[in-house]
Amino acid sequence: MDLASLASVRAAAAAVRAAGDRLDLLVLNAGVWSRERRTTADGFELTFGVNHLGHFLLVHELLDLLRASAPARIVVVSSNEHYRGRMGWDDLEFEHRRYGGVTAYRQSKLANVLFANALARRLAGSGVTANSLHPGVVATGLSRDYPAVLVKIINLVLLTPEKGARTTLHVATAPELADVTGAYFEKERPRPASPRALDEADQERLWTLSERLLGLTPSAPPAPRGTA
C-alpha cells in the first residue's frame, strides 16, 4: 500500500475486507519527513498527506470491519515531536507559507494524536480502542532525504527498529490495556499528551477538514462528554 495514493489505500483496504471477516489490530505506522515541499499522487502536501490523510482514509475504509471484530485495537504511531507541533489551520499544506520539513513533520505528528483521540471518543463503548504513542527515535528510513554521511552518524545513536517496536507492540497486545483508549504512551508507559492534542475542538476541526479533503460523507461528531 502506498499512503501517498488514495487509490492505493482504498485498494489495500478492499483487499483486507475481502481476506476475511475479522480485523483485530490496525497499526498506523508509516511516516515521511521531507526536506522540501512535495505532493502526493492526489496533490496533497506529502508529509500531511502520508502521515495523516492516508491513515485517516485507511481507518475510514476499515472501521466497520474493526467494529464487527470487537474487541479490536487501533494503534497510531506518532512522535514526541507532537509536543512542539502546531496546526497551521490557515495553511496546513504550506501552499503560501514557507515550507519547513521539521515544521511539517511536527504538525503531522500532532495531527496523529488529535486523530487518535477523536477516534477514541467516537469508538467509546464499541469495544474498539484507539491509542497513540512515541516509539523512540529509531534508525529507520525516515531521514532518507538527508545526506548519507549525516544519516550514518545519526543512526549510531538511535534505537534499533527492534527496540523501537517495543512500545507499539505493548500498546497493541498488552492484556492490561484491553479497555484503555484515548491514551498516549512512551517507553511502554502512559504519558500526558500535549495540551494541544487534547483540545476536542481541534480534534473535531481536523476530523471535519480531513473528511472534506478526502471527499468523504461528513459524519456526526460524538456527543459531548457528560451527555446521554
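Leu6, Val9, Arg10, Ala13, Val16 and Arg17 in α1 meet Gly54, Leu57, Leu58, Glu61, Leu62 and Leu65 in α2, where contact means heavy atoms within 4.5 Å. By class, these residues split into 8 nonpolar, 1 polar and 3 charged. Ala, Val, Leu, Ile, Met, Phe, Trp, Tyr, Cys and Pro count as nonpolar, Asp, Glu, Lys and Arg as charged, and the others, Gly among them, as polar.

This is a predicted model: local features need pLDDT of at least 70, side-chain atom pairs count only at pLDDT 80 or more, and totals for chains, interfaces and linings use all residues. Residues are numbered from 1 along each chain as its sequence is written, and side-chain values use heavy atoms, with hydrogens and water left out.

Now the geometry. Helix α1 covers residues 6-19 and helix α2 residues 46-68; their axes come within 9 Å and cross at roughly 25°. The axes are lines fitted to C-alpha atoms over the stretch in contact, with angles from 0 to 180 degrees between N-to-C directions. α1 and α2 are therefore roughly parallel, a term for angles under 35 degrees.

α2 also packs against helix α7 (residues 200-214). Here the axes come within 10 Å and cross at roughly 85°. The two helices are therefore roughly perpendicular, the term for 65 to 115 degrees. Phe48, His52, Leu53, Phe56 and Leu57 in α2 meet Leu206, Trp207, Ser210, Glu211, Leu213 and Leu214 in α7. That contact has 8 nonpolar, 2 polar and 1 charged residues.

Last, α3. It is mostly covered, with 19 of its 22 residues buried, meaning under 20% relative accessible area with a 1.4 Å probe, protein chains only.

Key:
Helices (H or I, at least four residues) and strands (E, at least two) are DSSP runs, numbered from the N terminus. Angles under 35 degrees count as roughly parallel, over 145 as roughly antiparallel, 65 to 115 as roughly perpendicular and the rest as oblique. Buried means under 20% relative accessible area, exposed over 50%, partly exposed in between (1.4 Å probe, protein chains only).
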